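Please look at the model first; the notes follow.

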Amino acid sequence: MNDAPSEARFIVEGDTVSTLVRTQVAIVGAGPAGLILSHLLAEAGIESVVIDQRTRTEIESTIRAGILEQGTADLLRTIDPNTRVDTVGDRHDGIELHFGGEGHRIDFPGLVGRSVWLYPQHEVLKDLLSLRLAAGQDLRFGVIATRVEGVETNKPRVVASTADGDELVIEADFVVGADGSRSVVRPAIAGASSGGYFREYPFAWFGILCEAPPSSDELIYSSSPHGFALISQRSTKIQRMYFQCEPDADPSALTEEEIWSTLQARVPGTTLRTGPVVQRDVLRFRSFVARKLRHGRAVLVGDAAHTVPPTGAKGMNLAVADVVLLGRALKALLQERDTRLIDAFAETALNRIWKAQHFSWWMTSMLHVTSDASEFDQRRQIGELKSVVESEAGRTFLAEAYTGWPIDA
Ligand code: DHB
């Protein structure tokens, strides 16, 4: 049954207004995880309120990775008949691993019968935001969650402040933290804002968006003695490329000539097609898994629960897999009072999360160069890359993980 939304307003102190909203599921964060979950719940007749501290424009313009696993693309098609994943997005049937002066193609359909789609996250978000707003979703922008209370009771609450400085309290049957790596919901679950398993890396990526034609039809992941580079695409006119840099690199420190010569030196054998650099950023590398994903009636999903380094583009895909599981679990809990799926949620989700953690770490460590690498390390790395590209089993391992494991695996 779909509870009617209820909203009551109170004056608290002075002229601060506090509004109490009652719903079934309070979702903090309107990224891919929060929005897809709100859709899955609505389909099941479960009401939710979604809040996000950002404006709609900020959400739609956040530049993130661009690769959707086959399962993610399939899900987007089933939930959104207007998704542009097949029109603006592009199917990719393989990637190239480049090292030791040679390129090696990994043929996804030939190895595992699956593909990936290059469709940037901010485009996914534009689709999902218009879908949810058109469906009448209670979705509030510019609302900053400050704390979560009562997760050990049946009426957990999210306390937030609105853009006008007023207080908003959302009382729900369940609270979902889909609020990214600086999650405000996490302390109510993991006990501390950082409570989890960490790994830092001694490098980062310098990312650019440029106005140029594609330099390659498929993505090139290149390991060179100068460091790693990734040649990705966005459209016929805009390209996305990255190169390994120091973690504290200043994105504005390099000239466009320096950016292009750094990139070109790292992809020998491919002549890069250059053009104006229209955006630049430095991406930190971090692996993180929260020690606890659920406590009482609150749960963490997406980047709030785990962060992966960008190599292999698992971030959004993992968030989508989390909410598919969570959607089923909340449906069983809230509609049938069946606690089995929610009780199993953390363990089931962690199975995939740790596989994706391993894959992202493995791709990262296999392809990047560290300043303290000995000659042994360098030769071992080439041996590892060869054991992948020269063996069908090795290529299949990579293709299976890259295109994504089945959601229940
Ligand atoms: C992109 C980012 C990645 O981290 C990756 O592995 C592949 C593609 C991208 O932004 O296009």
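How far apart do the C-alpha centres of domain 1 and domain 2 lie? In this predicted model, the two centres are separated by 31 Å. The contact draws on 18 residues of domain 1 and 21 residues of domain 2.

**Domains**
- The protein chain is split into domain 1 (7-89 + 119-197 + 288-362) and domain 2 (92-116 + 201-285 + 370-403).
- Between them, domain 1 and domain 2 bury about 1700 Å², and carbon and sulfur atoms account for 68% of that area.

**Shell around the ligand**
- The ligand is surrounded by 15 residues, and the closest are Tyr221, Ser232, Arg234, Tyr242 and Pro310.
- Sorted by class, the shell consists of 9 nonpolar, 4 polar and 2 charged residues.
- Domain 1 and domain 2 each contribute at least three residues to the shell.
- At least two shell residues come from each of strand 16 (219-224), strand 17 (227-233) and strand 18 (238-245).

- Tyr242 places a polar side-chain atom 2.5 Å from an oxygen atom of the ligand.
- For Ser232, an N or O atom of the side chain is 2.6 Å from a ligand oxygen atom.
- Arg234 has a polar side-chain atom 2.7 Å from an oxygen atom of the ligand.
- On its own the ligand has 290 Å² of accessible area, and the protein covers 100% of it.

Technical notes
Residues are numbered from 1 along each chain as its sequence is written. This is a predicted model: local features need pLDDT of at least 70, side-chain atom pairs count only at pLDDT 80 or more; totals for chains, interfaces and linings use all residues. Side-chain values use heavy atoms; hydrogens and water are left out. A residue is near a molecule or strand if one of its heavy atoms lies within 4 Å of it. A polar contact is a pair of N or O atoms within 3.5 Å; within protein, one must be able to donate a hydrogen and the other to accept it, and residues adjacent in sequence count only if both atoms are side-chain atoms. Accessible areas come from the Shrake-Rupley method with a 1.4 Å probe; for residues, only the protein chains shown count as cover. Helices (H or I, at least four residues) and strands (E, at least two) are DSSP runs, numbered from the N terminus. Ala, Val, Leu, Ile, Met, Phe, Trp, Tyr, Cys and Pro count as nonpolar, Asp, Glu, Lys and Arg as charged, and the others, Gly among them, as polar. Domain bounds come from an automatic or database domain assignment. Contact means heavy atoms within 4.5 Å. Buried area is the accessible area (1.4 Å probe) that two parts lose on being put together, summed over both.
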